[in-house]
Amino acid sequence: ECVSGCVCPEGLFDDGKGGCVEEKDCPCIHNNQWYSSGQKIAVDCNTCTCQKGFWSCTEDVCYGTCMIYGSGHYITFDGKFYDFDGNCEYVATQDYCGDKNSSGSFSIITENVPCGTTGVTCSKAIKMFLGKTELKLENKDYKEIQRDVGDDVRYWNRTVGLYLVIEASNGVMLIWDKKTTVFIKLTPDYKGKLCGLCGNFDDKSNNDFTTRSGLQETNALKFGNSWKQSPMCPDVTEEIKPCDVKPHRKSWAEKECAIIQSEVFKVCHSKVDPTPFYEACVHDACSCDSGGDCECFCSAVAAYAQECTKAQACVFWRTPDICPIFCDYYN
């Protein structure tokens, strides 16, 4: 039977906006947004062009980034998001991954200490081993220690805004906000050759929980415990929920962190899922109860803003009232 309605004339196609176009002008869709033919978008380090309704992308291999921030939040090189609160030194990432005698060129250790009274931990110091050089980043500064073993690996340091950036000749880059946030960036040469809390950088997030002994784990606690540096540290046995321990802080935390899910970050919501960042923010805002409340909250929101920027959604969220940065002081 006949059904009334609109169709495009023969040879033309519906463009999704109520018009009819030739096949060569078909639009493409990305994150629920329409792009017309010929438009380009950036995905990671590649450029994608809309052609006849399909995306055509360059295939460059991109740098990997692992992020550690706030009270025990980790995003691995392959994008797995998890929490681990351990009071010890842990291997964040290294390329000494085979047997005991395997060779490698670098290792990055994070020293976690309790922040607040609920038992959650934050990264207090970072140790970076580059050949025979050891760098210790702590108390807003770093110091260099020369060891007897290892090769010479050159490195440079510079300050970019709030961050200290250390870049080494072996393709390792560390970006530190001088507080509790660390970004580790590595060249694609390290793909699949890494181990530690940041995963193995093989573009698959489902095998990131590989323990020191090479076993696949599903439990973040068992995985995290396997990467502690000293056997003297106690194992973590339970996940701490600071908002349950300090229920009086929960409503304040939820109110403050709501900015992540608000209109302020609207342009980013379709590009980076805000939910895990919001939950991490509430967790941190509940846990930092011995001073530095706002610092924990600001670091958590900044972590989401950073991921938004990576996804080409720049958000201006800081105001004189919310996490201001006194630029004149830093200039």
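Leaving aside neighbours within four places in sequence, Thr-121 is in contact (heavy atoms within 4.5 Å) with Gly-70, Ser-71, Gly-72, Phe-84, Asp-85, Gly-86, Asn-87, Asn-112, Val-113, Pro-114 and Cys-115. The structure is a predicted model, in which local features need pLDDT of at least 70 and side-chain atom pairs count only at pLDDT 80 or more, while totals for chains, interfaces and linings use all residues. Residues are numbered from 1 along each chain as its sequence is written, and side-chain values use heavy atoms, with hydrogens and water left out.

Thr-121 lies in strand 13 (residues 121–130); strands are DSSP runs of E with at least two residues, numbered from the N terminus. Thr-121 is buried, at a relative accessible area of 2%, where buried means under 20% (1.4 Å probe, protein chains only). The side chain of Thr-121 reaches the backbone nitrogen of Gly-86 at 3.3 Å.

Strand 19 (residues 182–186) is mostly covered, with four of its five residues buried. Strand 19 runs antiparallel to strand 8 (residues 64–69), and five bridges join the two; strands pair if DSSP finds at least two bridges between them. In this pairing, Ile-68 stands opposite Val-182. Five bridges also join strand 19 to strand 18 (residues 172–176), again antiparallel, and Met-173 has Lys-185 of strand 19 as its bridge partner. The hairpin of strand 18 and strand 19 has five residues between the strands, and Lys-178 takes a positive phi near 70° there.

The domain assignment, which is automatic or from a database, gives domain 1 (12–57), domain 2 (64–226) and domain 3 (242–311). The centres of domain 1 and domain 3, taken over C-alpha atoms, are separated by 34 Å.

Notes:
Buried < 20%, exposed > 50% of the residue type's maximum accessible area, 1.4 Å probe, protein only. Polar contact = N/O pair within 3.5 Å; in protein donor to acceptor, adjacent residues only side chain to side chain.
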